[in-house]
Amino acid sequence: MRKFTLAAALLLALGTQAPAQEKLKVGYIYVGPIGDFGWSYQHNLGREAVVKALGDKVETTYLENVSEGPDAERSIEQLARSGHKLIFTTSFGFMDATVKVAKKYPNLFFEHATGYKREKNLATYSGRFYEGRYIQGVIAAKMSKSGVMGYIGSVPIPEVISGINATMLGAQTINPNIKVKIIWVGEWFNPGKEADAAKALIDQGADVIMQHTDSAAAVETAAKRGIPAFGQDSDMIKFGPKTQLTAIIDNWGPYYVDRTKLVLDGKWTSTDTWGGLKSKMVVMAPYTNMPADVKKLAEDTEAAIAAGTLHPFKCPVVAQDGKTVECKGGANLDDGQILGMNFYVKGVDDKVPGK
Amino acid sequence: MGLLEAIVLSVIAASTPLLLAASGELLVERAGVLNLGVEGMMIMGAACGFAGAYLTDSTLLGTLAGILAGMLMAAVFAALTLGLAVNQVATGLALTIFGLGLSGLIGAGFVGQKITPAPQLFIPVLTDLPVIGRILFGQDAFVYASIVLVAGIWWFLYATRPGLVLRATGDNHGSAHALGYPVLRLRALAVLFGGACAGLAGAYLSLAYTPFFIAGMTAGRGWIALALVVFASWRPGRLVAGAYLFGAVTILQLHAQGAGLGIPPQLMSSLPYLATIIVLVIISRVRGTAGSAAPASLGLAFVPDR
C-alpha cells in the first residue's frame with residue numbers, strides 16, 4: 001500500500017520548483033514517519049543538521065513512510081529525476097532498490113544506511129549500535145533483582161541478534177547467571193504490539209526492559225508498571241522520566257554534514273563507514289534513574305569502548321552450543337562476523353527464529 | 001497479580017479496539033455499505049482524540065473529539081458513495097490513505113506530548129476480589145463501552161423495527177426502496193455510526209492503550225476489524241467471540257515466546273489470519289453455499305429511480 005503523507009507530498013512539490021541559484025539538492029528516504037521518535041526521527045535530525053550547517057549551499061527534500069517494497073525504487077528514482085545529486089536511503093530494506101537506481105544514474109551520489117552492497121557512486125554507513133547494547137547489558141544486570149532481562153526484538157536480522165548478544169555479554173560481566181527473555185514482534189513499528197510485548201515480559205518476571213523496535217511504547221509501558229527500561233534510537237526520557245536508564249542515540253548529523261561537504265567540494269568517494277561511540281555516530285543518552293556506582297560503571301564502560309581498550313565481542317566468544325567462535329579479528333571478532341551474526345552466545349536460553 | 005490474571009487483562013485490552021471498530025463496521029455492512037476506510041477513520045480518531053485530550057486535559061472531551069473525527073471522515077465517505085454513487089471499494093481505500101496522511105499532519109505537533117491516561121474503574125471490595133476483581137471491575141470506560149455497544153447493536157438489529165428495516169436495506173435495497181423506506185438516509189446514518197465507532201476505537205488507542213500519539217499507530221488494526229466482520233459472518237455475538245479470539249492469539253503468542261516454548265514467532269503472528277480463513281471455510285461448508293452470510297446488497301451502489 002502506498003503510504004505517502006501529505007506533508008511529504010507538499011515538501012516534494014516545493015522541492016521540485018526551480019531554485020533561484022544552483023544549490024546542491026540532497027534527498028532523504030525514510031522508512032517510517034519522522035514523528036516516530038525513533039529511527040526515522042533521528043535521520044531527520046541528521047537532515048536538519050545539514051540544513052543548519054550548509055543551508056545556504058544546499059536544499060533538502062525528504063520522503064517519509066516509504067515502504068520497503070517496490071515503492072522504494074519509485075521513490076528513490078523520483079528524487080534522482082528531480083535533480084537531487086546526493087540521496088540518502090535510510091533503511092536496510094532499501095538496499096536493492098538503491099543499487100538499481102544508483103546504476104541507472106552514475107552521475108549522482110547515493111548513500112545507503114545499514115546495508116552492505118556498494119557501487120562506485122553508492123556508499124554505505126551504519127552505527128556500531130552493539131557498543132551501546134553492551135553498556136546497557138552492564139546496567140541491566142546491575143539494576144535487575146530477578147536476574148531476568150526482557151528484550152523486545154523486531155525482526156531476527158544480524159544487527160538485532162548481535163545487539164542481543166552484546167547485551168548478554170555485558171550483563172554476564174556483572175551476573176554470570178543472568179537470563180534474557182526475548183519476544184519478537186515481527187515489525188519495526190507497531191506501538192500497540194510493542195507495548196503488549198513489554199507487558200508480557202514484565203508479567204513473566206522480567207524487571208528491566210530493552211527493545212530493538214522503533215517506538216517509545218515499551219518505555220511508556222515500563223513507566224506505567226514502574227520498571228526501568230532503555231530508550232532506543234533517540235532519547236526517550238520524556239516518555240519515562242523516572243524509567244529510562246539511558247538510550248542508544250543514532251547520531252547521523254555529523255556524518256551527513258561531512259558527506260554533503262564532500263559532494264560540494266567534488267571529493268565524494270564510495271566508502272563504507274561503521275561508526276561507533278568513538279566517532280560519536282552512536283551516542284548514549286544521560287545515565288539516569290540509577291545509583292551513582294552503576295552510573296560510574298556505565299561511564300567507565302563507555303569510555304573504555306570509545307578508547308578501544310574494551311571490545312564487546314572480545315575473544316573468546318562462546319556460542320550457545322558451547323563451541324568457541326573462531327576469532328577472525330585477532331583479539332576480537334572481526335566486523336564481518338558481527339555484521340553477519342546469526343547465532344546466540346552462551347547463556348541465551350532461546351533459539352534464533354528460523355534456525 | 002498472577003500470570004493468568006495478567007494475561008486476561010492484556011487480552012481484554014488488545015481486543016477492545018478491534019471490537020469497537022468492528023461493531024461499527026458490522027452495522028454499516030448490515031446496511032449494505034462496504035467501508036474499507038476503517039483504518040483511516042480509526043487513525044483520525046487517535047490523532048484528534050489525543051489532540052482533544054491534550055488541549056482540554058480531559059479524557060472525555062478527547063474521546064468525543066475522536067468520535068467526531070471518525071464521523072467527519074465517514075461523512076466524506078457517505079457524500080461520495082451515497083450522494084454521488086462512487087465505487088465503495090475505491091473510496092474506502094482512498095479514505096484510509098487520506099486518513100493516514102491527514103492524521104500525521106494533525107498529530108505532528110502532538111508527537112512526544114504526554115496526557116493523563118484514561119482512568120480505570122475502581123470499586124472498593126469488588127475490584128479487590130481475587131482474580132475476577134480486576135478483570136470484571138477494574139477496566140477503563142472504553143472496555144465497558146465496547147460491551148454495551150455490541151449488545152446495543154445486537155438489540156437494535158434483532159429486536160427493533162428500524163433494525164429490521166436496516167437489515168432489509170442491506171439485503172435488498174431495491175425492495176426496501178419500493179416499500180418506501182429511505183435507503184440512502186438509513187445508510188448515511190449507518191455510515192456515520194460506523195465512523196463514530198472507528199473514531200472511538202482510535203481514541204482508545206491514543207488515550208488508554210498506549211497513551212501517546214505517533215503517526216501510523218493503528219498499525220493495521222482497522223484492517224483486522226474488517227476481517228473480523230467477515231469472520232463473525234455479520235453477527236454481533238460471533239463478533240465478540242472473534243475479537244477476543246484475535247486478541248487472545250496476539251497476546252498468547254507473545255507470552256509463548258517469552259516462556260521460550262520454541263514455536264516460531266512468524267507462525268504465531270500469522271495464527272489470527274489463519275484462524276479467519278479456517279472459520280470462513282467452516283462457515284461456508286456448514287451452510288453449503290459459500291458467502292451467503294453476507295448482506296446481499298453489500299458494496300452495491302444504490303441510485304433510486306425517479
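What follows is a conversation that sets computed values against their definitions.

Tutor: This is a predicted model, in which local features need pLDDT of at least 70 and side-chain atom pairs count only at pLDDT 80 or more, while totals for chains, interfaces and linings use all residues. Residues are numbered from 1 along each chain as its sequence is written, chains are lettered from A and ligands numbered from 1 in the order in which they are written, and side-chain values use heavy atoms, with hydrogens and water left out.

Student: Why is B:Ser206 called buried?

Tutor: Buried means under 20% relative accessible area, exposed over 50% and partly exposed in between, with a 1.4 Å probe and protein chains only. B:Ser206 has a relative accessible area of 0%, and therefore counts as buried.

Student: Why is A:Glu77 said to form a salt bridge with A:Lys104?

Tutor: The term requires a side-chain nitrogen of Lys or Arg within 4 Å of a carboxyl oxygen of Asp or Glu. For A:Glu77 and A:Lys104 the closest N and O atoms are 2.9 Å apart, so the pair meets the 4 Å limit. A:Glu77 lies in helix H3 of chain A and A:Lys104 in helix H4 of chain A, so the pair ties together parts that are 27 residues apart in sequence. Here helices (H or I, at least four residues) and strands (E, at least two) are DSSP runs, numbered from the N terminus. A:Glu77 is itself buried, because its relative accessibility is 9%.

Student: How do you know whether A:Lys117 and A:Asp96 are buried, exposed or partly exposed?

Tutor: The relative accessibility of A:Lys117 is 33%, so A:Lys117 is partly exposed, and A:Asp96, at 45%, is partly exposed as well. Their side chains meet in a salt bridge at 2.7 Å, N to O. By contrast, A:Glu111 and A:Arg259 are both buried, and their side chains meet in a salt bridge at 2.5 Å, N to O.

Student: What makes B:Ser10 a residue that touches chain A?

Tutor: Contact means heavy atoms within 4.5 Å. Leaving aside neighbours within four places in sequence, B:Ser10 is in contact with A:Lys199, A:Asp203 and B:Ile251. B:Ser10, in helix H1 of chain B, is also buried, because its relative accessible area is 5%.

Student: What is meant by the area buried between chain B and chain A?

Tutor: Buried area is the accessible area (1.4 Å probe) that two parts lose on being put together, summed over both. Between chain B and chain A that area is about 3,100 Å², of which carbon and sulfur atoms give 63%. In chain B, B:Phe212, B:Ile214 and B:Leu254 lose the most area to chain A, together 17% of what that side buries. Across this interface the rule finds zero salt bridges, but six residue pairs in polar contact, both residues at pLDDT 80 or more.

Conventions:
A polar contact is a pair of N or O atoms within 3.5 Å; within protein, one must be able to donate a hydrogen and the other to accept it, and residues adjacent in sequence count only if both atoms are side-chain atoms.
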